[in-house]
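I opened this model to look up its charge pairs, its helices and its surface patches. My entries follow.

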Amino acid sequence: MRRFTFKLQSILNIRERKLEDERHRLAEIIAKLEEQKDILLEMNKKKESLEKELNNALDNQVLDIQFTISAKNYLKQMSDDIKMQFEIIKRTQNELNEQKNVVAAAYKEVKILEKLKEKQYKNFMFEYEQNQIKEMDDITSARQKKVV
């Protein structure tokens, strides 16, 4: 029996490697997004802590003007940093969505070739079985001719 060979196997291998690379890139972006979210969470915690500290300082009878001004300026800076972090997360989310589309397209390319390979293999097996049946018929008819 001759072996089945898929003529586009090299292209299938290339597309599978591309899919794997794109999935790896997707995983990197997801990790980056999670890291950015952790940074945002940490920034919010620091801001809340500073706000509590500032409120406590304002509740005291002795008001430290230098601390109050510094804390308010730092809170404003932190608010700006948090807005910037939101923008970074938004861009990373957009990058993630784009990468998901790239992975989906690469997956479709691989699946198309895999289905083609499967179809060609089924045709190969059908032809092989037909040849086997024909050979058996030829052997049987040759024996019939000898007997007669």
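**Entry 1: salt bridges**

I began with Glu-95 and Arg-25, whose side chains meet in a salt bridge at 2.6 Å, N to O. The pair links distant parts of the chain, with Glu-95 in helix 2 and Arg-25 in helix 1, 70 residues apart. I count a salt bridge when a side-chain nitrogen of Lys or Arg is within 4 Å of a carboxyl oxygen of Asp or Glu. Helices are DSSP runs (H or I, at least four residues), numbered from the N terminus.

A note on sources: this is a predicted model, where local features need pLDDT of at least 70, side-chain atom pairs count only at pLDDT 80 or more, and totals for chains, interfaces and linings use all residues. Residues are numbered from 1 along each chain as its sequence is written, and side-chain values use heavy atoms, with hydrogens and water left out.

Which other residue pairs with Glu-95 in a salt bridge? I found Lys-32, its closest N and O atoms 3.5 Å apart from those of Glu-95. Lys-32 lies in helix 1 and Glu-95 in helix 2, so this pair ties together parts 63 residues apart in sequence.

I checked accessibility next. Buried means under 20% relative accessible area, exposed over 50%, and partly exposed in between (1.4 Å probe, protein chains only). Glu-95 counts as partly exposed because its relative accessibility is 22%. Arg-25 is partly exposed at 35%, and Lys-32 is partly exposed at 36%.

I also looked up Lys-122 and Glu-118, a salt bridge with closest N and O atoms 3.6 Å apart. They are four residues apart in helix 2, so about one helical turn separates them. Lys-122 is exposed at 53%; Glu-118 is partly exposed at 46%. The structure holds six salt bridges.

**Entry 2: helix 1**

Helix 1 has 51 residues (9–59). Its first and last C-alpha atoms are 75 Å apart, close to the 75 Å expected at 1.5 Å a residue. The expected span is 1.5 Å times one less than the number of residues. Its buried residues include Leu-12, Glu-22, Gln-36 and Ala-57.

**Entry 3: surface patch**

Leu-58, Leu-63, Ile-65 and Ile-69 make a nonpolar surface patch of about 370 Å². Patch residues have over 30% relative accessible area and no salt bridge; nonpolar side chains (Val, Leu, Ile, Met, Phe, Trp, Tyr) are joined within 5 Å. Areas come from the Shrake-Rupley method with a 1.4 Å probe. Ile-69 lies in helix 2 (residues 65–147) and is partly exposed at 46%.

Notes: Helices (H or I, at least four residues) and strands (E, at least two) are DSSP runs, numbered from the N terminus. Patches are made of residues with over 30% relative accessible area and no salt bridge: like charges are joined within 9 Å, nonpolar side chains (Val, Leu, Ile, Met, Phe, Trp, Tyr) within 5 Å.
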